[in-house]
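Q: Hey, could you walk me through this structure? I'd like to start with the ligand's surroundings.

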Amino acid sequence: MKHLLVLGGGSAGTMVVAKLRPRLDPDEWRITVVDQDDEHHYQPGYLFIPFGTYRREDAVKRRSRFIPDGVELVFGKPAKVEPEANRVRLEDGQVLAYDQLIIATGTSPRPEETEGTLGSEWRKSVHEFYTLEGALALKGAIDRFEGGRFVVHITEMPIKCPVAPLELAFLADAHFRERGIRDLVELVYVTPLDGAFTKPVAAAHLGHLLAERGIAVETDFMIERIDAEAKAIVSYDEREIPFDLLVTVPLNKGADFLAGSGLVDHLNYVQVDKHTGQSRHYPNVFALGDAADLPTSKAGATAHYSIDVFTENFQQHARGLPMTHAYDGHANCFVESGNGKGLLLDFNYDTQPLPGRYPLPGVGPFALLEESELNHAGKLMFKWAYWHVLLRGRELPLPADMSMAGKVLEATS
Amino acid sequence: MTIATIAGQNVHVNEEGFLTEFGEWNESIAAELAKDVGIDELTSDHLAVLRFLREDYQSNGETPTLRRVSTVGGFDTKRLFQLFPKKPAKKMSYVAGVPKPVGCV
Ligand SMILES: Cc1cc2nc3c(=O)[nH]c(=O)nc-3n(C[C@H](O)[C@H](O)[C@H](O)COP(=O)(O)OP(=O)(O)OC[C@H]3O[C@@H](n4cnc5c(N)ncnc54)[C@H](O)[C@@H]3O)c2cc1C
């Protein structure tokens with residue numbers, strides 16, 4: 001009996017076992033998932049919690065409900081992966097030997113990595129929304145906010161769901177308008193990149209969204225520390241941005257137990273082949289979802305599409321055959337723009353987000369790179385699809401490879 | 001994609017003037033690119049950073065972030081701001097002939 005061990009039972013770990021269990025002979029393959037707890041979080045829901053659109057119940061369900069029959073779920077934390085010996089040690093002393101290993105422990109925000117973040121203002125005027133507690137605490141702070149400087153800040157790329165901070169800024173704008181205090185709020189968006197939009201076509205189509213909403217943008221901001229007393233973020237080139245309420249996205253990092261395993265880079269992301277997810281160092285080790293160092297957005301959508309391809313490949317790999325399918329980096333994401341509207345982006349490793357219609361060329365119904373109410377509905381529908389379709393390993397009626405049909409190619413000068 | 005003549009050589013550049021062919025870069029081109037971003041002379045300190053960027057890009061297929069240049073490359077972040085003032089991430093990648101660091105949009 002061979003053993004497939006999956007570390008992490010979040011979006012990627014759950015989707016992949018749901019796909020593989022019916023496809024691998026149960027007399028031949030045992031499958032085990034390891035996770036630290038029994039709470040599966042729908043993380044895209046964190047964005048809506050601060051504004052009261054979603055509550056805790058919308059974002060949390062029991063993890064074990066989504067692990068299919070025939071897959072063992074072990075609660076525990078890995079202490080160390082030993083790829084030379086094909087085994088994983090857990091903190092409680094258990095040793096799990098494997099034939100094939102999938103690492104799907106995601107990435108998490110690390111406020112401790114930026115000096116001053118966890119100081120006296122933490123969860124008072126210094127907030128984050130990349131954890132459930134953070135999103136809930138931010139809701140309280142926004143409810144109490146009566147005006148002043150509201151600063152949304154990204155520490156460094158890569159972060160999961162790189163558009164989430166922008167969406168938070170849009171939703172904050174809409175929220176303060178609705179409360180009738182928008183004129184008392186100064187909204188600032190701070191990024192380490194050279195613009196809020198960095199790809200030429202998206203920048204041309206979406207650049208106006210910030211200006212229209214009166215959101216100021218501060219670019220190339222490399223944070224050195226948060227000065228809690230002065231209530232300002234300070235950069236390495238000594239710029240200071242004062243805030244009354246700061247929503248920072250801390251540095252994101254892969255799981256700490258991976259450090260020193262010989263599998264990961266400086267941010268604990270597993271170094272993989274970008275088309276197969278296979279470790280660049282050990283052929284029986286794979287990483288899926290945010291845990292991998294794929295040169296694309298860390299998003300549930302990326303995990304979903306790459307796992308479609310991985311499922312085909314792994315069935316070949318399990319039989320000792322070469323893997324013949326290649327993931328092209330395809331992902332799409334709905335982006336909230338506030339006031340009941342949203343945008344849709346569709347892209348892959350080689351093609352930047354382009355305008356057009358999706359998934360049916362010319363018809364849509366979704367509009368790419370353009371605000372619409374239907375795109376917002378798409379984002380809200382995604383929650384249902386996540387719990388009922390994606391985690392169950394069922395198919396969305398959308399193809400895994402990106403298509404150029406329906407996209408408008410434009411000269412970018 | 002357009003062709004530009006830099007330091008007497010024809011190279012491929014994108015709409016922002018970044019080189020798009022990794023192999024077309026050399027130090028004489030870098031010296032010209034540096035002038036575009038207000039760096040009159042490339043010192044050995046500049047070149048050490050550029051070399052790290054290129055090697056790292058080649059092994060990972062992605063331009064390193066400022067944080068990576070400092071933690072993995074061992075260059076002090078404040079020093080990077082002196083060498084490539086105001087916009088180090090963009091300027092370093094521009095002069096090194098690798099893509100600028102981007103988000104997903
Ligand atoms: C605010 C926000 C908004 C987002 N919005 C979107 C969106 O609109 N669209 C989209 O596609 N994506 C979105 N995402 C991203 C999406 O949630 C992630 O990309 C996705 O969950 C990645 O799946 P994963 O399985 O790789 O990681 P996760 O789902 O995070 O799963 C990792 C699992 O590993 C476990 N784990 C981690 N470390 C350990 C350890 N040491 N020991 C044991 N277990 C461990 C965790 O408990 C968890 O269950 C958003 C994320 C955030 C934070």
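**Around the ligand**

A: By class, the shell around the ligand holds eleven nonpolar, eleven polar and seven charged residues (Ala, Val, Leu, Ile, Met, Phe, Trp, Tyr, Cys and Pro count as nonpolar, Asp, Glu, Lys and Arg as charged, and the others, Gly among them, as polar). This is a predicted model, where local features need pLDDT of at least 70 and side-chain atom pairs pLDDT 80 or more, while totals for chains, interfaces and linings use all residues. Residues are numbered from 1 along each chain as written, chains are lettered from A and ligands numbered from 1 in written order, and side-chain values use heavy atoms, without hydrogens and water.

Q: Which residues are closest to the ligand?

A: The closest are S11(A), A12(A), D35(A), Q43(A) and D290(A), out of 29 residues that surround the ligand (a heavy atom within 4 Å counts as near).

Q: And what does D35(A) do with its side chain?

A: A side-chain N or O atom of D35(A) sits 2.6 Å from a ligand oxygen, a polar contact (N or O atoms within 3.5 Å). For Q36(A), a polar side-chain atom is 3.0 Å from a ligand oxygen, and for K379(A) an N or O atom of the side chain is 2.9 Å from one.

Q: New topic: how many cavities are there?

A: There are seven of 30 Å³ or more in the whole structure. On a 1 Å grid over the protein atoms alone, a cavity is a set of points where a 1.4 Å probe fits but cannot get out, and lining residues have an atom within 4 Å of a point. Volume is the space filled by probe spheres set on the points, which are joined across faces, edges and corners.

Q: What lines the largest one?

A: The largest cavity is lined by 14 residues, including P162(A) and G103(B): ten nonpolar, four polar and no charged.

Definitions and conventions
A polar contact is a pair of N or O atoms within 3.5 Å; within protein, one must be able to donate a hydrogen and the other to accept it, and residues adjacent in sequence count only if both atoms are side-chain atoms. On a 1 Å grid over the protein atoms alone, a cavity is a set of points where a 1.4 Å probe fits but cannot get out, and a pocket is an open set with protein on both sides within 12 Å along at least five of seven lines; lining residues have an atom within 4 Å of a point.
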